[in-house]
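Here is a quick briefing to read alongside the model. Keep the viewer open and follow along topic by topic.

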Amino acid sequence: MVESPMIEACYTCRYRRIQCDRSGIPCRKCEKGGFECHQKRPIRWVKGVAIRGKMQGVSYSRLNSPAADEQGLIKLRREDQQDLPAGLGDVSVSSLDRVSKYYLDYYNDRICKLFIVYDSNHNPFRNLISLAVKDQLLLSAVLALAARHRANEGQTFNGIEAPVPWMDNAQQDALVFKHQAIQGLSQIIGDPGSCRTDSTVASIFLLIFLDLVESGNDRWNVHLEGAKALLSLSKSLSQVNDPGWTVQEIRSFITKQIYLIETLGATFVRPNLLSQFPPANEVEMGPDTVEQSFLGCPEQLLNAVQFFSLQRDLASAGQGSDACIRNSSFMVESVRSFDSHSWAANLPQSTRHATHNLATLAQCYKLGALVYGQRVLDMLLDQDTSQHEVVQNLFASIEALKEDATLFKCILWPIFVAGLECRSSIEQDFVTRALEKFWTVTRCLNTVNAGKILQSYWQTQNCNENTLSNWVLDIGQLGEDWLLI
């Protein structure tokens, strides 16, 4: 029996950093070398909660034992953390241990404003706290996100760990809380009643953000698909149970942000990796508002990016047509005509922020979408259009936001698109500095990995100067599915 060839290199060859012959499973190189050939990264089960480091071999039961705190596995030893800071308002946290209270307050103070354009009294991430103190799964996800971000503060953009006394403890705490969240999720996912609850959907939603903080290439796409499936299942329940206004608001927010993450996330992964749910015309996005948005990307531009990704996927599957070309050309011109200043000026009156800076934020996404759309059109037409002017304008927009950390934290996707279009060392240095600034503001490790991906891509381009290359397909063939937003 002849094995059918693989579409992409096997995981084993990618891990070994050799060129796979894609002959089948197993491929000839793995078979010859005596290696086990895996098409995708295998799940590695280990005894304990971590593969390496100080938590290697430590079991979940040991972490839950009374002696665990004495052993220092989840203790914070930093002297100035003995008294927990206030800030959780009227939320009842009396039943929580000291470490959990600390990270819950950290989530309230740091995480809630990190993943929203503008913080406010109606921040949906902060509204999750009242649900979390009543739901162990959601609480574990919240604490894991907070602890992982806290641990990242002891690292630099270049991957060097600073000798801070609390870093190892925060890393260990993050592993413990993540283990609790994943274990809790696996226990209830088979229960139709439990898995459809809003707290379960919210937990999965936060695990996507945990992946941003951890690396940007772990299980975000799996969590995304799970969240979409549960939102679809619970849609009918919401019509019957008539949830409270606050819960309904959280559900609506999660649905919108899932659409945003899916749309921008699809641009840097393999074609057809993500299912399209919900379709753009079925998402009740409502008016754009920066107090209820993760990144502040205008809806019109999101819809355009989703359309471009669909055309890319069709073309990669050999289903491109003259209609695809016409529609893509029309959409490119639609993006080009988008008025960022008008969009910012017409935001709801309750938005009391600098219109000029919001217009610049929208301009970053407009120019990024324009570059992406043109590259998809180039793929359909088998051409290479100069994007020099558009990219230079994108550089200028990125530079203009550098002094506004609140908005700068929202533009990793446009920065990465700009990086893929760099044609000189000066441009590459600019993008690298922008990524380093983004890391300083956010402490999300997907930013560090974005820099590594670009460095590798630039080296490849330098070695293949005479070869026509279109990154809308190449970037999804790097062996990982990256979420760079």
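This is a predicted model: local features need pLDDT of at least 70, side-chain atom pairs count only at pLDDT 80 or more; totals for chains, interfaces and linings use all residues.

A residue is called buried when its relative accessible area is under 20%, exposed when that value is over 50%, and partly exposed in between, with a 1.4 Å probe and protein chains only. Numbering starts from 1 along each chain as its sequence is written, and side-chain values use heavy atoms, with hydrogens and water left out.

**The whole chain**

- The protein chain has 22 helices and zero strands; these are DSSP runs numbered from the N terminus, with helices being H or I of at least four residues and strands E of at least two.
- Take contacts (heavy atoms within 4.5 Å) with a separation of 6 or more: 69% of them in the protein chain join residues 24 or more positions apart.
- The accessible surface of the protein chain is about 22,900 Å², and carbon and sulfur atoms make up 49% of that; the areas come from the Shrake-Rupley method with a 1.4 Å probe, and for residues only the protein chains shown count as cover.

- After H10 comes Gly-216, with a positive phi near 95°.
- Helix H19 (residues 412-420) has nine of its nine residues buried, so it too is largely enclosed by the rest of the structure.
- Among the buried residues of H19 are Trp-413, Pro-414, Phe-416 and Gly-419.

**A cavity to look at**

- The structure has three cavities of 30 Å³ or more. On a 1 Å grid over the protein atoms alone, a cavity is a set of points where a 1.4 Å probe fits but cannot get out, and lining residues have an atom within 4 Å of a point.
- The second largest cavity has a volume of about 80 Å³, taken as the space filled by probe spheres set on grid points that are joined across faces, edges and corners.
- Its lining includes Leu-114, Phe-115, Leu-212, Phe-294, Leu-295, Lys-409, Phe-438 and Cys-444.
- Sorted by class, the lining of the second largest cavity has nine nonpolar, one polar and one charged residues. Here Ala, Val, Leu, Ile, Met, Phe, Trp, Tyr, Cys and Pro count as nonpolar, Asp, Glu, Lys and Arg as charged, and the others, Gly among them, as polar.

**Buried residues and their partners**

- Asn-152 sits in helix H7 (residues 136-152), and at 0% relative accessibility Asn-152 counts as buried.
- Leaving aside neighbours within four places in sequence, Asn-152 is in contact with Val-213, Trp-439, Arg-443, Cys-444 and Leu-445.
- Leu-260, in helix H12 (residues 245-265), is buried with a relative accessible area of 2%.
- With neighbours within four places in sequence set aside, Leu-260 is in contact with Ser-293, Phe-294, Leu-295 and Leu-302.
- Ala-359 belongs to helix H16 (residues 355-381) and is buried, at 2% relative accessibility.
- The C-alpha atoms of Ala-359 and Ala-344 are separated by 5.2 Å, though the two are 15 residues apart along the chain.
- Apart from neighbours within four places in sequence, Ala-359 is in contact with Ser-340, His-341 and Ala-344.

**Partly exposed spots**

- Ile-188 in helix H8 (residues 167-188) is partly exposed at 22% relative accessibility.
- Ser-130 in helix H6 (residues 124-132) also counts as partly exposed, at 35%.

- Arg-22 has a positive phi near 55°; Arg-22 is in the loop between helix H1 (11-16) and helix H2 (28-33) and is partly exposed, with a relative accessible area of 35%.
- Arg-443 has a positive phi near 60° and is in the loop between helix H20 (425-442) and helix H21 (445-463).

Note on methods. On a 1 Å grid over the protein atoms alone, a cavity is a set of points where a 1.4 Å probe fits but cannot get out, and a pocket is an open set with protein on both sides within 12 Å along at least five of seven lines; lining residues have an atom within 4 Å of a point.
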